[in-house]
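Work through the exercises below with the sequence and the 3D structure at hand. Each task is followed by a solution in steps.

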Number of protein chains: 2
Amino acid sequence: KSPIDVAEYLFTRLQQIGVRSIHGLPGDYNLVALDYIPNLGLKWVGNVNELNAGYAADGYARIKGMSAIVTTFGVGELSTVNAIAGAYSEHVPIVHIVGMPSTASQKDGMLLHHTLGNGNFNVFADMNKEISCAMAKLNDPREAAALIDDTLQKCWIQSRPVYITLPTDMVQKKIEGERLKTPIDLSFPTNDMAREDYVVEVVLKYLQSAKNPIILIDACAIRHRVLEEVHDLIDKTKLPVFVTPMGKGAVNETHPSFGGVYAGDGSQEEVQKRVEASDLILTIGAIKSDFNTAGFTYKTSQLNTIDFHSTHTTVRYSEYPGVSMRGVLRKVIQQVDLSKLSAVPGPKMENKVEENEDKSETITQKWIWPVVGQQFLKKDDIVITETGTANFGIWETKFPAGVTAISQVLWGSIGYSVGALQGACLAARDAGMDRRSILFVGDGSFQLTAQEVSTMIRLGLKPIIFVICNDGFTIERFIHGMDAEYNDIQQWHFKDLVKVFGAKEGTYRTYQIKTKEEVTKLFADKDFNSADVLQFVELYIPKKDAPRGLVLTAEAAAQRNAKE
Amino acid sequence: KSPIDVAEYLFTRLQQIGVRSIHGLPGDYNLVALDYIPNLGLKWVGNVNELNAGYAADGYARIKGMSAIVTTFGVGELSTVNAIAGAYSEHVPIVHIVGMPSTASQKDGMLLHHTLGNGNFNVFADMNKEISCAMAKLNDPREAAALIDDTLQKCWIQSRPVYITLPTDMVQKKIEGERLKTPIDLSFPTNDMAREDYVVEVVLKYLQSAKNPIILIDACAIRHRVLEEVHDLIDKTKLPVFVTPMGKGAVNETHPSFGGVYAGDGSQEEVQKRVEASDLILTIGAIKSDFNTAGFTYKTSQLNTIDFHSTHTTVRYSEYPGVSMRGVLRKVIQQVDLSKLSAVPGPKMENKVEENEDKSETITQKWIWPVVGQQFLKKDDIVITETGTANFGIWETKFPAGVTAISQVLWGSIGYSVGALQGACLAARDAGMDRRSILFVGDGSFQLTAQEVSTMIRLGLKPIIFVICNDGFTIERFIHGMDAEYNDIQQWHFKDLVKVFGAKEGTYRTYQIKTKEEVTKLFADKDFNSADVLQFVELYIPKKDAPRGLVLTAEAAAQRNAKE
Ligand SMILES: Cc1ncc(C[n+]2csc(CCOP(=O)(O)OP(=O)(O)O)c2C)c(N)n1
Ligand SMILES: Cc1ncc(C[n+]2csc(CCOP(=O)(O)OP(=O)(O)O)c2C)c(N)n1
Ligand SMILES: [Mg+2]
Ligand SMILES: [Mg+2]
């Protein structure tokens, strides 16, 4: 009835789901497809390389709900495979569209550029199987629309990457466009009612008989989109609530029930005490990985734990596969009998600036992070931290309301944060949100993906970038090789990159901050805070200074690496 | 008898094979292994990211025979997977060593950083199966030495990447070191004598009865190490010899028999005529890919062709699997009856500067490449060209003797050349060779991997880098989207990067070259030619100017992409 090209169908579907900018790089196998992007009113990002593009898509999805990246066969897609694996690991929904040689060339096994030279066109798709939750090879126009819809639906619902191949000769093939009038069903599947009710009953039984229950929020509460349920649960029950490092930002940290970050021995003392003394911990969306638990140092027991997940619920040692947290939480909120609930108040998180002061003007890790929370961050900021001292330092920062935190505590690929910043900042702009995007990245990590700052400049984005200048890989030093040469890096004049990447006079500001006084002045600076241009800060901290949580986690990692 | 640690064994073997510098990045799963590198007198490169490290290892191997890269599990290895696939595609021997979590952690399926969070520690190794010619998982000290030896041997002999996992708890495990006294056998397997003799006879029959035979040298002659045989064959037979784009550099281009570059319709007229009129073409190591043949425009017939390969020989339509070129060529050289051979002289390649002059001062693609050959290149230079105008322009450059060319005509991953330059330049230094390393890279490609210049600075390397500034992706413009936004790039102040990356005053020179006169002056400049410091040249060429070979190849690619 209304014929439409395959590429138009695909991009229109992405638009319907909320994607406004498409990340990626051109390549001759995707060029014709790229023509559709501006024609549909979408924006082409045009990243500086594909790994950065993948990281950016990850950041974009974490703010805007979902994202898309277009790469070219072989060279492009493999360049970003680490970013896609990271998104799989961390439950981030990215649609990866790969421009492929034509189906005819594939059938003939032609010896084309970007192939292994052996006529096998499936190798790269096969590599993506274990890092995608769904895959669509658009080799046949008759099934293209159904495949696209199914794949995008899985991407959203499972909150993980999907992989779509688009051969050059399929781009302009006509398919029925009527289907576009019905949006893809993105509602989450509901639980089997009887099983759900059973689980709710069990949960309520333990919850209502516990003496000092608490709530612990982790990554999958964010990624599987139950933050509304989380807040309703806190508001209703008034139970003390904590977050893990990966759960940072999930909870309004100015909420009276918010107690701080729990990471086993890496927690602040009062937090650790309260959590580990609790006789019932409701963990929502837990990923109990080494770096999220300060090296598996939880001193909690599964006997005192109820785990809510997107795919199952575990009450003490009883497992309920297929019973997803959304429905269970909703009913627990509705049905909990407050008169039976023992809501013992917990500690309140504060930015502990004074305790961490010393007489020197040297900026220290223990001082800077609470200061960031107290003097700099404001409502609705997006705060991105990189694997390294930043990812552990941020545990000590109490956020204002509405702050979103982005990091890769499980996957931990350095360089990620620079790309993610580009994507997150753009996503906020695409969503019409007035939010500052703020990055804390180590000098070592920054070097891996530095050129993505160029994309930010080209797009006119206005992030605030802090590069922690501490002479190399401090996090690695604390794991092994404190003075080893392999933990050193080349000294760059970091802030001068902005100009070299083509930022025009007046469209950026750079800073070099070496003392506490300079920090305080910077954070009080109105211009700086207004974030009206791209800003780049070199922040100097001594080489062998690391946040407490990192020191502990690093020790545990070194021990585990050595253990037989 | 002489116990030695697994890591020491591995690195010693690499040293024995000629590897002097190890590429890669640290990560906590490989740190302890890295300690062995300086202790054994090897050099740790410490690249700026893993993709660049992989490209660099590729460049290193092409000069030094073999190379090694160490990455960390998941994040590191996947970042470089595109470089490894490229090396597989282009037959380059790289030993990829991945630092893994301990065997104990793997067995327990621990939820560690850099995993997918699902306890599966094999996913990334599996991804490498189709892009490695051998794989060794060093999980057991008893078999470690044998596995290492076998894997390194395959790497060398098949001239393709291998993949080795080294769990943290294996690094220091003791194994028998006596074995190190016997070097790994790197001799190439010989052919079955009877079959070889048979093939030689067939080859000689056709060769000696042909009227105007020629020789065509391609990539695998370089990669599978038969250049000595090639030169002996030319010297003995005096047959005209041509190279394909991927074979560039294989033959001494000042040799009286050298006729130029054959790439179908992309060839210079006299070359195409001579090759296509030939009644017998001996192709050695052919990879007849699209970009190596100006879009499959060979007008030669298989009936007039004998193909020599590392794994087989094909005479017209008769295939001889398992009959490798080395032995066959050696015998053909010995047995050919010169009195029966018709060696009709062919054209002589020249740098056609005058023909490509015009009155304007604008630097053009058709002018610059012969000028490079005539006025700039000298004996034994290493010349690296990137996918883009450079890779096609270089067809028009006649090399002095001893020049090695490096490019990725088949795999064609942009950004490759910058990493490859670092590796090649270091390899030449490691080998004690006094060779200049010269890069021609497009402005678009350079942006993908620009930060590898920082590694060159840190290592004190002295390459000459030409960035072709032509406002973006010219090669793509000629395929599709001449004026499309997606073919534009952010304008950088390219040459200022050198200082920002920390090069000290006096250790580098930068240039901005916008006219023919400036080119000629630069190429006559003694200081510039001496290459005593790192030099960086911005070379301005108009946006819509492309070498002839590229225009043809791009047209063919666009047509093939559209074909159903
Ligand atoms: C892609 C990738 N390569 C290597 C690593 C190993 N690694 C983890 S942290 C780190 C060093 C980070 O240094 P920096 O960014 O300077 O952080 P800081 O000094 O603040 O700790 C390295 C090399 C990794 N996680 N990811
Ligand atoms: C990793 C990777 N991404 C994308 C491509 C597609 N591609 C091939 S050439 C090219 C543009 C190269 O532009 P530039 O380096 O400026 O070369 P020139 O202008 O000299 O043609 C692109 C984007 C690729 N080959 N490899
Ligand atoms: Mg650092
Ligand atoms: Mg260009």
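Copies are superposed by least squares on the C-alpha atoms of residues with pLDDT of at least 70 in both. The model is a predicted one.

**Exercise 1.** Determine which rotation and shift superpose chain B on chain A, and what relation this is.

Solution. 
Step 1. Two copies of a chain are related by a rotation about an axis and a shift along it.
Step 2. Here the rotation is 180 degrees and the shift along its axis is 0.0 Å, with an RMSD of 0.0 Å.
Step 3. The C-alpha of chain B nearest the axis belongs to B:Met127, at 2.5 Å from it.

**Exercise 2.** Find out whether strand 5 (residues 94-100) of chain B is enclosed or open, and list its strand partners.

Solution. 
Step 1. Buried means under 20% relative accessible area.
Step 2. On one side of strand 5 of chain B, B:Ile94, B:His96, B:Val98 and B:Met100 are buried.
Step 3. Strand 4 (residues 67-72) of chain B runs parallel to strand 5 of chain B and is joined to it by six bridges. In this pairing, B:Thr72 has B:Gly99 as its bridge partner.
Step 4. Strand 7 (residues 162-167) of chain B also runs parallel to strand 5 of chain B, again with six bridges. Here B:Gly99 is partnered by B:Leu166.

**Exercise 3.** Describe how helix 4 (residues 50-64) and helix 6 (residues 81-89) of chain B pack.

Solution. 
Step 1. Two packed helices are described by the angle between their axes and the distance between the axes.
Step 2. For helix 4 and helix 6 of chain B, the angle is about 25 degrees and the axes are 7 Å apart.
Step 3. Angles under 35 degrees count as roughly parallel, so helix 4 of chain B is roughly parallel to helix 6 of chain B.
Step 4. From helix 4 of chain B, B:Leu51, B:Gly54, B:Tyr55 and B:Asp58 meet B:Asn82, B:Ala83 and B:Ala87 of helix 6 of chain B.
Step 5. By class, this contact has four nonpolar, two polar and one charged residues.

Methods:
Residues are numbered from 1 along each chain as its sequence is written. Chains are lettered from A and ligands numbered from 1 in the order in which they are written. This is a predicted model: local features need pLDDT of at least 70, side-chain atom pairs count only at pLDDT 80 or more; totals for chains, interfaces and linings use all residues. Side-chain values use heavy atoms; hydrogens and water are left out. Buried means under 20% relative accessible area, exposed over 50%, partly exposed in between (1.4 Å probe, protein chains only). Helices (H or I, at least four residues) and strands (E, at least two) are DSSP runs, numbered from the N terminus. Two strands pair if DSSP finds at least two bridges between them. Axes are lines fitted to C-alpha atoms, for helices over the stretch in contact, and angles run from 0 to 180 degrees between N-to-C directions. Angles under 35 degrees count as roughly parallel, over 145 as roughly antiparallel, 65 to 115 as roughly perpendicular and the rest as oblique. Contact means heavy atoms within 4.5 Å. Ala, Val, Leu, Ile, Met, Phe, Trp, Tyr, Cys and Pro count as nonpolar, Asp, Glu, Lys and Arg as charged, and the others, Gly among them, as polar.
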